[in-house]
Amino acid sequence: MQTSAISIQDLRAGLKGQVIGPGDADFDEARTVFVGGIDRRPAVIARPADAADVARVVTTAREKGAELAVRSGGHSSLGHSVSEGGVVVDLHDMRALEIDTEARTAWAETGLTAGEYTVAAGANGLATGFGDTASVGIGGITLGGGVGYLVRKFGLTIDDLLAADVVTAAGEIIQVDEESHPDLFWAIRGGGGNFGVATRFKFRLHEVPAAVGGMLLLPATPETITGFIAESEAAPEELSTIANIMPAPPMPFVPEEHHGKMVIMGLLCYAGDAEAGERALAPFRALAEPLVDMVRPISYPEMYPPEMEEYHPMAAGRTMFLDTVDQTVAETMLERLEASDAFMRVVQIRALGGAMARVPADATAFAHRSSRLMTNLAAVFMQPEARETYEAWVGDFAAALRQNDAGAYVNFLNSEGPDGVRTAYPGSTWDRLTAIKNQYDPTNLFRLNQNIPPA
Ligand SMILES: Cc1cc2nc3c(=O)[nH]c(=O)nc-3n(C[C@H](O)[C@H](O)[C@H](O)COP(=O)(O)OP(=O)(O)OC[C@H]3O[C@@H](n4cnc5c(N)ncnc54)[C@H](O)[C@@H]3O)c2cc1C
């Protein structure tokens with residue numbers, strides 16, 4: 001890496017925004033990402049003030065041959081948003097949000113988190129769907145697709161993306177939408193950060209004046225697991241669920257006698273009024289006597305509770321789509337979870353369908369429109385040297401569960417490597433993406449990601 005070639009002074013002089021170097025007091029904080037166990041020291045971290053600043057940093061990195069990392073919320077599972085010895089474009093200070101309540105659209109700079117956007121939009125009774133976690137950046141989640149609490153009602157985050165400002169590898173600032181650079185607009189809806197730095201997104205907003213949601217903790221048995229998934233698939237589209245099958249955490253809201261026992265920590269969100277929501281949720285409550293029931297009428301932003309600061313977990317993970325969760329699959333899940341000693345281990349299942357599935361598979365770079373159950377396996381651990389053990393555990397577990405759907409969601413890929421990236425972009429999606437990569441980033445400047453190399 002040509003780190004010595006980057007002059008912090010020159011960069012500082014050329015930018016309106018901040019430039020943080022290894023000698024600065026806030027360097028350690030600025031290079032820390034969400035995932036634990038990542039200890040990379042970039043040569044410089046730039047915090048641009050606007051798209052022109054971003055273009056300057058991109059141009060500098062390209063000209064100096066430095067590795068370039070792009071950071072929105074810093075939640076990449078592999079720490080892709082920090083470079084060892086290279087340049088980081090950290091969008092932290094670009095958080096402007098303009099909401100047009102009449103047109104029901106919003107222009108959002110990509111330093112915003114999903115939570116910040118959701119709270120601001122929610123103040124107007126409006127929402128765009130992101131994921132399940134407030135601190136995830138709108139940059140990374142949107143570019144990969146975006147699967148959250150409104151996925152069945154309104155689709156993926158990219159299904160509400162109307163336009164974006166992008167800084168290309170050449171340092172140009174372009175606006176892309178269905179009419180202008182439609183190829184690039186197609187590629188950034190699912191293709192990740194491979195094609196440039198998105199500095200601003202224009203989203204569609206939906207009216208979500210009321211919701212019913214929260215956490216429902218049920219005992220996990222093969223019957224409750226299969227029942228939970230069947231009810232999730234059969235539910236009205238207003239309801240999106242996330243089933244976390246795991247040992248009950250020793251949290252204050254969980255009665256002590258259940259700590260460590262297998263539970264379904266269900267996160268449910270009904271985007272609609274209280275009465276209809278209660279009706280949609282009744283079948284879940286009937287699966288078993290709930291151990292904890294925190295589902296109640298809420299405002300939609302309340303789906304994002306406060307998070308623990310300074311939480312930087314190390315995790316081994318695998319992602320896949322399942323076609324079905326029957327008794328045998330549920331038994332396998334429980335057996336494998338019981339067999340691990342990871343500090344926390346989980347099978348997470350999200351029933352898809354609804355609005356997401358009505359978008360044609362080739363309309364965006366997210367091709368998995370007919371996939372049914374997005375499933376993640378994870379082991380969270382505290383000791384870096386335990387990684388190998390838990391990587392083997394998730395790898396074997398994934399192999400035991402694998403069904404016909406061979407695809408994967410790019411934003412939940414972990415250490416699957418280039419083969420994993422191919423599963424995210426099957427067939428003609430891959431061909432189209434690599435051709436667009438050729439055109440917009442022929443030298444693969446944007447490679448610190450789940451990478452789509454030029455053809
Ligand atoms: C706790 C947790 C919960 C999650 N829950 C969900 C969920 O419910 N649904 C879901 O769909 N996903 C979820 N994810 C996955 C998440 O969407 C991805 O990890 C996403 O990439 C994180 O985005 P970020 O901006 O925070 O991360 P970053 O680490 O900043 O970026 C991730 C990748 O995107 C690139 N990137 C980021 N911003 C830009 C930009 N503006 N322009 C170009 N490239 C950019 C980066 O270079 C990097 O390669 C979750 C992840 C975590 C850690």
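# Close-up views of the predicted model

View 1. An N or O atom in the side chain of R350 is 3.0 Å from a ligand oxygen atom, and a polar side-chain atom of N411 is 3.3 Å from an oxygen atom of the ligand. The ligand taken alone exposes 930 Å², of which the protein buries 90%.

**View 2. The shell around the ligand.** Three elements, β3 (68–71), α5 (138–144) and β10, each give two or more residues to the shell around the ligand. The most come from α5, which contributes four residues. There are 33 residues around the ligand, and those that come nearest are S72, S81, D132, V147 and Y409. By residue class, the shell holds 12 nonpolar, 18 polar and three charged residues.

**View 3. Strand β10 and its antiparallel partners.** Strand β10 (residues 197–204) pairs with strand β6 (residues 105–109) in the antiparallel sense, over five bridges. Strand β8 (residues 161–167) also runs antiparallel to β10 and is joined to it by six bridges. F203 of β10 has a residue opposite it in each of these strands: A106 and L161.

View 4. The rings of Y117 and F203 form an edge-to-face pair, with 5.5 Å from centre to centre and 80° between the planes. Y117 belongs to helix α4 (residues 114–122) and F203 to strand β10, so the pair ties together parts that are 86 residues apart in sequence. Both residues are under the 20% limit for burial: Y117 is buried at 1% relative accessibility, and F203 is buried with a relative accessible area of 0%. The two residues belong to one aromatic cluster together with F130 and F201.

**View 5. The aromatic pair F34–Y311.** A search of the whole structure finds 12 aromatic pairs. One of them, formed by F34 and Y311, is edge-to-face, at 6.3 Å centre to centre and 75° between the planes. F34 lies in the loop between α2 (27–30) and β2 (44–47), and Y311 in the loop between β16 (296–298) and β17 (314–322). The pair thus links distant parts of the chain, 277 residues apart. F34 counts as partly exposed because its relative accessibility is 26%. Y311, at 32% relative accessibility, also counts as partly exposed.

**View 6. Strand β4 between parallel partners.** Strand β4 (residues 87–90) pairs in the parallel sense with β3 over four bridges, and three bridges join β4 to β2, which also runs parallel to it. V44 stands opposite V87 of β4, while R71 has D90 of β4 as its bridge partner. Along β4, V87 and V89 point one way and V88 and D90 the other way. In a regular strand, side chains alternate between the two faces of the sheet. The four residues V87, V88, V89 and D90 are all buried.

Definitions and conventions:
Residues are numbered from 1 along each chain as its sequence is written. This is a predicted model: local features need pLDDT of at least 70, side-chain atom pairs count only at pLDDT 80 or more; totals for chains, interfaces and linings use all residues. Side-chain values use heavy atoms; hydrogens and water are left out. Two strands pair if DSSP finds at least two bridges between them. A residue is near a molecule or strand if one of its heavy atoms lies within 4 Å of it. A polar contact is a pair of N or O atoms within 3.5 Å; within protein, one must be able to donate a hydrogen and the other to accept it, and residues adjacent in sequence count only if both atoms are side-chain atoms. Accessible areas come from the Shrake-Rupley method with a 1.4 Å probe; for residues, only the protein chains shown count as cover. Ala, Val, Leu, Ile, Met, Phe, Trp, Tyr, Cys and Pro count as nonpolar, Asp, Glu, Lys and Arg as charged, and the others, Gly among them, as polar. Rings of Phe, Tyr and Trp (its six-membered ring) pair if their centres lie within 6.5 Å; planes under 30 degrees apart count as stacked, over 60 as edge-to-face and the rest as tilted. Buried means under 20% relative accessible area, exposed over 50%, partly exposed in between (1.4 Å probe, protein chains only).
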